[in-house]
Amino acid sequence: MTFAALGHILPELILLVGACALLVLGVTRVGRAPGALAGATCGVCAAALAATLWAGIPDGTAELSGLALSAMTFYVRWLTLLVGLLLVLLNGRQADPAEQGEYLSLLLFTMLGVLLTASASDVVVLFFAIELVSVPTYVLAALSRRDARASEAAVKYFFLGALSAALLAYGLGFLYGAAGSTSLSAMARAIGSGAEVGGLALIGLLLVFGGLSFKIAAVPFHAYAADVYEGAAAPVTALLGFIPKFAGFVALIRVLDVFGWAMSPGVFWLIWATAALTMTVGNILGLIQKNVKRMLAYSSIAHSGYMLVALLVGPRLGEGPMSNGVTALLFYMAVYGVMNLGAFAALSSFRRGEDEVELVEDLSGLARSQPGAALALCVCLFSLMGFPPTAGFLGKVYIFSGAFSVGADHAYAGALAVLAVIGVLNSAVAAAYYLRVAAVCWVNPERERLAPASGMSGRLGLTIAAVAMIALFVSPQALLSRARTASEPVLSGSVVKGVSRLGLDGASVPSGISAEGYAALSE
Amino acid sequence: MSLQVGILWLCVTALPALAHEEAASGVGTGVVYAVPGGWFEAVMFYVFAGTAVLSAIGVCVSRSVVRMATWLFFALGAISVLYFLLAATFIAAIQLIVYVGGVLILLIFGVMLTSQSPWVRFTPSRLNLAVAGLICVGLLVCLSSILLEADFGAPLSTTPGVTVEAIGRRMLTHYLVPFEIAGVLLMIVMVGAAHLARQEKQ
Amino acid sequence: MKDFLVTQFGFSLVLAALVFAVIQGAVAYCIYYERKIAAWTQDRYGPNRAGPLGLLQPIADGLKFVFKEDYIPGHVDKILFVLAPGIMFVVCGIGFLILPWGGQLDASTLPWLGSHLQPGERMLSVQVVSLNVGILYLLAVMSMSVYGVVLGGWSSNNKYSFYGAMRACAQMLAYEIPMGLTILVVVLTMGTLRLEEIAAEQAASGVWNVARHPLAALILFITALAEANRAPFDLAEAEQELVGGYHTEYGALKFGLFFLGEYASMITTSALVVVLFLGGWHVWGVSALTMEATSIWAVLAKMTVMAGKVAILIFVYMWVRWSLPRFRFDQLMRLAWKSLVPMSLGLFAAAAGLLYFGLHRSIAACLAVNAVVLAGAVAVASRGRTPITGRQANLVRQAARNDVPLAEVRT
């Protein structure tokens, strides 16, 4: 690796250096000035974003050990940094002033983890990147407020996270055993696709899927979500709902890419059942929650289920955006990130006395006292519900239409259609609890006056999220075309192919296994 | 009695290391060792593989945390000897330094700080035991059925050599990025641990 | 059989058995040595009744350990209680296996055994195991010695023992870090992890590493004291506070094993310092003490020199013990984390820098680097205020709580 090559990972480097600098600044006099550190963090994010946009879509020729840059890297980079910027705004004042530096630098480190997950071409990097996403979130959950519940949340999150890391590492170990190499491209070559996948690789895949299921909070690894979301402060919960989930899905895309997306029946039905259960369990439990943060936690679980449907549809060559699972997934991830953030921003922008808003009833009559905020909150909730005119509607349309339109020649066309029906039914169930919150805001009489929380950042985040939801519904083309570009390397198998072109092990360029695997599937 | 235990352990711990160096035929010193034959390695393997498995079972069935840690000590030590037998001396030494000398000591330290007496026992409920047992049996059946059929391919290398240098070079070239990320990760863990352990301000 | 003994495997086995036997004798006489030095320091006679000059005293002590009733108190965790001294002893013993005692031996010069061999036909290494990760192995084994202390203290189910174990644990964790880092300085300088090569290199060039990195040598010596649980770092068994510390409940042979372990680790650590910094078996101007001299007599001379150097270092250990007062626990921790760790980190970084510029073997450059690190440490130390610890800290807190000046609280 040369110094010139470092230019290709400039956004990552900016985040890393910025996070380290924040750690140091936090204990100096500069860091004590109110808002200085939050401003600096925003600056770091903005600089990384600028570097990403300046570098544009990588052409995949950078020589970096263990990293392969593709169009998907670009998509993940800017989306993470953009949502990250909003998260920083939201989190700017959350921590104790003395812990501000550490708090904000941990925020930057999780983003760095997502960025590295997107460009990992070696399972060692992939594992470390996922851990880089996870470990700071455990600490953030504990630091977000001085409260026994926050500590409990952090401990639960940590132990289950450690278990998931063990599963992930165990699974990756099996994959290594099957392939004899840690590089994803060599794995793809050695493992093959479809029916030829051996038992070792299969068990590796299952364990990896289990490990990543924790990150995306899929059933049956979802149990921690409600407690952790409830225990941590709302701004951190906004982060927990998006960052680990995004990293988990990106990692799943990369791992399934190794297997060429041609799933054996066992794997297909496993993911199918997980998706169905995740949607259903998430929504049904969401229905009976009184605590609004727990409710949103279950909603976030349910959304993982929808996204798993998209993952199951997989990439399709030469089809429109409506039926390409990966494009739909990437689009939905962006929309979900923003609307989820908006909902939590709303919760953190009011205070009930000294404490955060907790119960659904606490929001009673919000529309009377603060109609603007109530409107924005409702826009985000409608989007989560998947109701026009919001971007959430489009996201769901893309996912479910993808599942319906795989075509009769697809081996599992019927199963996917059933799954889509389950998804649509679930959306209807989910509408009930989202609407309840909206009704409480608008219909119920005011119970207790909610004071606006100090600082404008929560409101700003909320406003941006609400506006973005409407805007993306009106003109989704810009985001959609980016998502399509990002999923192209997945289609042509060059996420994996690109890896060896970067000369990790000096091996020859493999044939496009992913594409072939896909072709085998559709035949 | 302690003395016998001691001598036995001394001998068995020393011998695999010897066996290894013979296989490596004295790399670097120009000393040529006579190889006593494969039976020695085989015996060593079964002794230590057995120790590892039995100790692992011991970890599971013990009810006192410190006893679990002691069993784990033997399990980890035996695994390190297996690495020695595979001529992976670097990994063997690192296994000892990191797990036996570091992680496990910290674990015991933590237990000692938080627990009151050696007589504190874990008493898992019957349900938990049953579920855990089922999971374990399932995993065992599943893994062993797959592993017995698995095709691991040809070994990547059959000649033991100096592993330290090769690992060092790979670490700073091929695996530079993960190496650096691991450093960042450790720093984060340290920041987090320091924060969580810090006393509340008065 | 005769031929087997002159293969490296057979020779190593004999050496292992020999080393094992010698440790026990050496340890017994270390205790005698210690008592004599204590007496010398305190202007007494020391043991002088059993045999001439009291030389039979260790044997009498040993017999006493063996014939005492091997009692296990009722309130202990029996398995761990018995296991702990065994672990302690074994772990301290296996460190010996890696130490290079005398370079290479030409098997043909062995009387009777080597009579059928041509000169130079078979070279044996006077070392039980020659590992390419020698130093790492030694570090690993030394870090394991804390288990004996911890398990012993824990299983005794006694508060004093427990505190001793806790202290030992924290101390061992803290001092392992500067120890490892200073050892790495030597590894960077010598470019190998094999102890025998480090010794041979120093003999070949005639420059002992202590001339290059005196500061590293000093730090290693201090940490070696701490790792061997020796005064002024013997907080795990501070008699005034903890009765016997972790071995309060032990007696007879089990106590003897703890004793043996402690002295054995003293020998191991000082042998490590000798090999890494003091040229191993090398002395200038003696032809028998070079790499080329491989006859049995040269090897015996080398072993004697090595043992002599170890004995001198052990004398320093004991001298320190009977001259310096014990640290308080917070001082102990501060010494490790706030002085030794940063200094050894600085040395390590500097040694890596020297290696980058190819100056790692240059005495002047190495000395300059050591001086800079030391000067930096002194500068930082003199800038900082004296830390407020122990009773003082309580007083300060009390003064702050009652809002009175500190002087008033003191009185």
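**Figure 1. The loop around Pro389(A) and its cis peptide bond.** Pro389(A) has its place in the loop between helix H17 (371-385) and helix H18 (391-404) of chain A. In this predicted model, the peptide bond that runs from Pro388(A) to Pro389(A) is cis, and its omega is near 5°. Most peptide bonds, by contrast, are trans, and most residues other than glycine have a negative phi.

**Figure 2. The loop between H10 and H11 of chain A.** This view shows Pro220(A), which is found in the loop between helix H10 (199-216) and helix H11 (223-231) of chain A. A cis peptide bond links Val219(A) to Pro220(A), with omega about 5°. Ala217(A) is also found in the loop between H10 and H11 of chain A. Although Ala217(A) is not a glycine, its phi is positive, at about 55°. Is Ala217(A) buried or exposed? Ala217(A) has 29 C-beta neighbours inside 10 Å and therefore counts as buried, the cut-off for a buried residue being 20 or more.

**Figure 3. Asp43(C), a loop residue with a positive phi.** Asp43(C) lies in the loop between helix H2 (8-41) and helix H3 (57-67) of chain C. Its phi is near 60°, a positive value in a residue other than glycine. Asp43(C) counts as exposed because it has 6 C-beta neighbours inside 10 Å, and a residue with 12 or fewer is classed in this way.

**Figure 4. The packing of helices H6 and H7 of chain C.** Helix H6 (residues 146-155) of chain C packs against helix H7 (residues 159-190) of chain C at an angle of about 155°, and the two axes are 7 Å apart. H6(C) and H7(C) are therefore roughly antiparallel to each other, since an angle over 145 degrees falls in that class. Their crossing is left-handed. Which residues of H6(C) and H7(C) make the contact? H6(C) contributes Val146(C), Val149(C), Val150(C), Gly152(C), Gly153(C) and Trp154(C). From H7(C) come Ser161(C), Phe162(C), Gly164(C), Ala165(C), Ala168(C), Cys169(C) and Met172(C). The residues of this contact comprise 9 nonpolar and 4 polar residues, with no charged ones.

**Figure 5. The open sheet of chain A.** Three strands form an open sheet in chain A; the sheet has 3 strands in the order E2-E1-E3, and the pairing is antiparallel. Which strands of chain A are the edge strands? Strand E2 (355-356) and strand E3 (451-452) of chain A hold these positions, as each pairs on one side only. Strand E1 (residues 350-352) of chain A is joined to E3(A) by 2 bridges, and these strands run antiparallel. Arg351(A) has Ala451(A) as its bridge partner in E3(A). In general, the strands of a sheet pair through backbone hydrogen bonds, either parallel or antiparallel.

Figure 6. The secondary structure of chain A consists of 23 helices and 3 strands. Of the 523 residues in this chain, 63% count as buried. Gly113(A) is found in helix H6 (residues 100-119) of chain A. Because 30 other C-beta atoms lie within 10 Å, Gly113(A) is buried. Apart from its neighbours within four places in sequence, Gly113(A) is in contact with Ala129(A), Ile130(A), Leu132(A), Val133(A) and Ala247(A). Ala50(A) is found in helix H4 (residues 36-55) of chain A. Ala50(A) is partly exposed, since 14 other C-beta atoms lie within 10 Å. Ala50(A) and Arg482(A) are separated by 432 residues in sequence and by 17 Å in space, from C-alpha to C-alpha. Gly113(A) and Asn291(A) are 178 residues apart in sequence, and their C-alpha atoms are 31 Å apart in space.

**Figure 7. The side of chain B that touches chain A.** Chain B has 7 helices and 0 strands, and 30% of its 202 residues are buried. The contact with chain A involves 23 residues from chain B and 31 residues from chain A. On the side of chain B that touches chain A, helix H5 (126-149) and helix H7 (176-197) of chain B each supply at least two residues. Which helix gives the largest share of this side of chain B? H7(B) does, with 13 residues. This side of chain B divides into 16 nonpolar, 5 polar and 2 charged residues.

Notes. Residues numbered from 1 in each chain as written. Chains lettered and ligands numbered in written order. Predicted model: local features only at pLDDT ≥ 70, side-chain atom pairs only at ≥ 80, totals over all residues. Axes fitted to C-alpha atoms, helices over the stretch in contact; angles between N-to-C directions. Helix = DSSP H or I, 4+ residues; strand = E, 2+ residues; numbered from the N terminus. Parallel < 35°, antiparallel > 145°, perpendicular 65-115°, else oblique. Left-handed = near helix turned anticlockwise from the far one by under 90°. Contact = placed C-beta atoms within 7 Å. Nonpolar A, V, L, I, M, F, W, Y, C, P; charged D, E, K, R; others polar. Pairing = 2+ DSSP bridges.
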